[in-house]
Amino acid sequence: MSGRINTFRSAVRDHIKALLPALRSCEIQFGRFDIDALDRFSVRAPAVRVAVLSGDSSQEAADRKSAVLKCAAFAITEGRDHEESAWTIAEAIFTGLSPAQMFGLIQLSGPSSVRITPIVTGDLKNRAVSIIAVEWSQTLRHLGEGIFNDEGHVVTELYINGEEQEPGDG
């Protein structure tokens, strides 16, 4: 089991891949993407990185949890028309975040507080690059659903130093 947040991140990524088939790369990002991340990671532009930046807890009826997720899709471009390309990708993602967009999932609100924010444009190691963030909030309901067994333990694999751990190992 991967949990609802991981399922959500994958669904957003898959939606953007379908929306923008000419991207060379569209992947999930752990946290904010900026010029330092571009310097550390090899990214084949034009690209998009999808991230959940944070989640604020809210309680539902019947003792269930929800989270208001702060999300971002980072458009990364390089080359001659890098700024224009970044704005075009960001605009496509922005317009795809309609109030009814649920990425094929249930128990999810539509996007709200959608905004476009330029992050950086300039030269990095002799490459002209631009990064623009499309940010939004979306409430994901019923967190924890399907990830616990009857005893209340998480039913996912846990890896330590590359080795799968059995329950009770430690």
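Strand 5 is largely enclosed by the rest of the structure, because 13 of its 17 residues are buried. Buried here means under 20% relative accessible area, exposed means over 50%, and partly exposed is in between, with a 1.4 Å probe and protein chains only. Helices (H or I, at least four residues) and strands (E, at least two) are DSSP runs, numbered from the N terminus.

Before I go on, the basis. This is a predicted model, in which local features need pLDDT of at least 70 and side-chain atom pairs count only at pLDDT 80 or more, while totals for chains, interfaces and linings use all residues. Residues are numbered from 1 along each chain as its sequence is written, and side-chain values use heavy atoms, with hydrogens and water left out.

The largest nonpolar core has 28 residues, and the members that touch the most others are Phe-8, Ile-16, Val-48, Ile-93, Phe-103 and Trp-136. By nonpolar core I mean a set of buried Ala, Val, Leu, Ile, Met, Phe, Trp, Tyr and Cys residues joined through side-chain atoms within 4.5 Å. Two or more residues come from each of helix 1 (3–19), strand 2 (47–59), strand 3 (65–78), helix 3 and strand 5 (127–143). There is also a second, separate core of 9 residues, including Ala-47, Phe-74, Ile-76 and Ile-131.

Neighbours within four places in sequence aside, Ile-16 is in contact (heavy atoms within 4.5 Å) with Leu-23, Cys-26, Val-48, Val-50, Ala-73 and Ile-93. The other, Ile-89, sits in helix 3, residues 82–96. Is Ile-89 buried or exposed? Ile-89 is buried, at a relative accessible area of 9%. With neighbours within four places again left out, Ile-89 contacts Leu-20, Leu-23, Pro-46, Val-48, Ala-75 and Thr-77.

Next, charges. Side chains of opposite charge can pair when their charged atoms come close. How many salt bridges does a search of the whole structure find? The search gives 5, a salt bridge being a side-chain nitrogen of Lys or Arg within 4 Å of a carboxyl oxygen of Asp or Glu.

One of them joins Lys-70 to Asp-56, with the closest N and O atoms 3.9 Å apart. Lys-70 is in strand 3 and Asp-56 in strand 2, so this pair ties together parts 14 residues apart in sequence. Both ends are partly exposed: Lys-70 has a relative accessible area of 32%, and Asp-56 has 43%.

Asp-81 and Arg-80 also meet through their side chains, at 4.0 Å, N to O. Asp-81 is partly exposed at 40%, whereas Arg-80 is exposed at 78%.

The last pair returns us to strand 5. Glu-135 forms a salt bridge with Arg-115, the closest N and O atoms being 3.5 Å apart. Glu-135 belongs to strand 5 and Arg-115 to strand 4 (residues 112–124), and the two are 20 residues apart. Glu-135 is buried, at 10% relative accessible area, while Arg-115 is partly exposed at 46%. Arg-32 joins Arg-115 and Glu-135 in a network of salt bridges.
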